[in-house]
Structures are given as structure tokens and as C-alpha cells.
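Hi everyone, thanks for making time today. Please have a look at the structure on the screen, and then I'll walk you through a few parts of it.

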Amino acid sequence: MHNHSDHAHHDHAHGARVDAPTKAIGAALAVTATVFVAELVGGVISGSVALLADAMHMLSDAAGLIIAMAAVLVGKRAATSYATYGYRRVEVLAAMINAATVLAVSVWIAIEALRRLRDPAPIDTGPMMIIAAIGLAANALSAWILYSQQKESINVRGAYLHVLVDMFGSIAVLGAGAIVALTGFTAADPIASLLIAGLIVPRAWKLMAESVGVMLERVPEGFDAEEVEAELRALPGVRDLHDLHLWSLDGVSVIATVHIVAAEGEDRDQLLDRVQAELHRLGVEHATVQIELPEHIEHETVC
């Protein structure tokens, strides 16, 4: 007989987690769309490639936030007999798309900046700096809105990344505008664009790697499968274990499955409770544990 926990002690109601990110992303989207229009118009009027670069990144932000919003709403759908885990991994897919978009935009920014370095153009620093200042304030507001939720969802973390980099981009545009206004050194504008791209790439790459890791069902960051195995083996009544797997659906919560071989004469219900409690202590949100006798190993394929 195989004993399985009824998991009643686990909290799988994610309504609060979803509602807060939805509101945060919606507010950030409204701010981002407004600033995109302002920066696009300002970039055309002033001739600033840095401002246009920031506007294009704002456009990618708006698209990314729309994707993030859709992912949260889809991820809210309950599990079904067709999708037994629900749709929470959609948020990871959205984060991966966001990261890829940011990387593509950073390449565009770098190419345009290098072109401007070879072929300088006049810049009207007045509109450039005014709109960059507005963008900085708006990005700071969006970052503040998303900050409280970015640890709860890899998807919101992707949106937060967009906004945070934009905030630094606005600072770079302001700095470039000041240099051009004070010294006439127009190359400061495309150099600022390259700095923006430099800020974008490592953060986007990290998010991309994290998202891919979740999609490939790697052991979540901060967990060591060997350490978890050692802790479980040390529990009273555990003779052996196999098929230990650790992964995440959404990049936040951790799931585990494991087969535990009970010691001779061990109460398997009590052993199951000890194993579940230990996994919960280690940070596993949901675990499926199979308690079995030593001879059962002959009847299964260990993976």
C-alpha cells in the first residue's frame, strides 16, 4: 500500500498573489504608455537619439507589461483535468518573452548610438531634458508600484526589470543633455544610449536564464538537491530514498516529489508526516511523497 499525503495543510489559494500583481502591472502600464508618447514626441522634436532610444524601450516596456498582465490573468485560471497544474507557468513564459524583447531593444539602441557617433546630429537639449525628467519621475513611480510585488512573481520581476532600467535610462538621458547643453559635446547623447544598453543587457540576460531554468525544470535557485536528500535521509525511519525531484512551476514556489523507503517496522503514516514537515521546513511549498517497502524498488523504474 502506498501512502500519499492529503496536502490539506498546504496553501494553494493564490488569489491574493494574483490580484496585487494585476493592480501593480496595470498602474505601471498606464504610466509607461503615457511616458512613451511624451518621449517619442520629445525625441523627434529635440533630435535626441538617447531620448528616442528610451522611448523605444518604453514601447517594449508597454508591450512587456501587456504580456505580463495577460500572463497574470491566464495564470489565475484554476487547474482542470486537462491542465492539472493550472496555468501558472504562463507567467514564466511571459517573463522569458520580456527578457528576449529587452535584449533585442538593447541591440537596436547600440546600433543606433554607433550610427550617431559616426554621423553626429544637432540636439535641442531643452525638450530633451524636460521630457527625460518627466520620464524619470514616471519610472520611479512605476518602480515603486512594482517593487512590492516583484518577489512574488517572476513575471512581475520581468516588468520591474523593464521599469528599473528605464529609470536609469532617464538618468543617463538627463546627464547627456546637461553635458551637451554645457559643453556642446553632442557625442554625449549616443554615449548615454550605449550606457542604457549596457544597463539593460546583464539584467535581461539574468532574467532570461532564470526563466529558461524554470521552463527546463531545473532545481530552483537557493535549493541544493544533495542537501535536501541528506536532510531527508537523516530523518528517523528513513532507510533509503530515490526519485527526488525539485522544480518550480512559476519561478517562486518550489515543488518536490520523492520516494521514501521505510525502515523495518516503521509506521509509514508517521514517517510521511515527518518527511512532509521536513520538506516544508526546507521551503518546499507542495510535495508528493511515496512511502514504500524495500522490495518495492523491484517493481518500478527509478529516474
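Let me start with a term: a crossing of two helices is left-handed if the near helix is turned anticlockwise from the far one by less than a right angle, and right-handed if clockwise. Helices here are DSSP runs of H or I with at least four residues, strands are runs of E with at least two, and both are numbered from the N terminus.

Before we go on, this is a predicted model, where local features need pLDDT of at least 70, side-chain atom pairs count only at pLDDT 80 or more, and totals for chains, interfaces and linings use all residues. Residues are numbered from 1 along each chain as its sequence is written, and side-chain values use heavy atoms, with hydrogens and water left out.

Now, the helix pair. The crossing of α7 and α8 is right-handed. On the α7 side, Val228, Glu231 and Leu232 make the contact, and α8 brings Val275, Glu278, Leu279 and Arg281; contact means heavy atoms within 4.5 Å. Helix α7 covers residues 225–233, and its axis lies 10 Å from that of α8, at an angle of about 145°. Axes are lines fitted to C-alpha atoms, for helices over the stretch in contact, and angles run from 0 to 180 degrees between N-to-C directions.

What does α8 lie across? Helix α8, residues 268–281, lies across β1, β2 and β3, and runs at about 150° to β3.

That brings us to the sheet. It is open, with three strands in the order β1-β2-β3 and mixed pairing; two strands pair if DSSP finds at least two bridges between them. At the edges sit β1 (238–247) and β3 (286–292), each pairing on one side only. Neighbouring strands are turned by 15° against each other on average, direction ignored. Strand β2, residues 255–262, pairs with β3 in the parallel sense over seven bridges. One to find on your screen: Ala256 has Ala287 in β3 as its bridge partner.

Thanks, and I'm happy to go back to any of these views.
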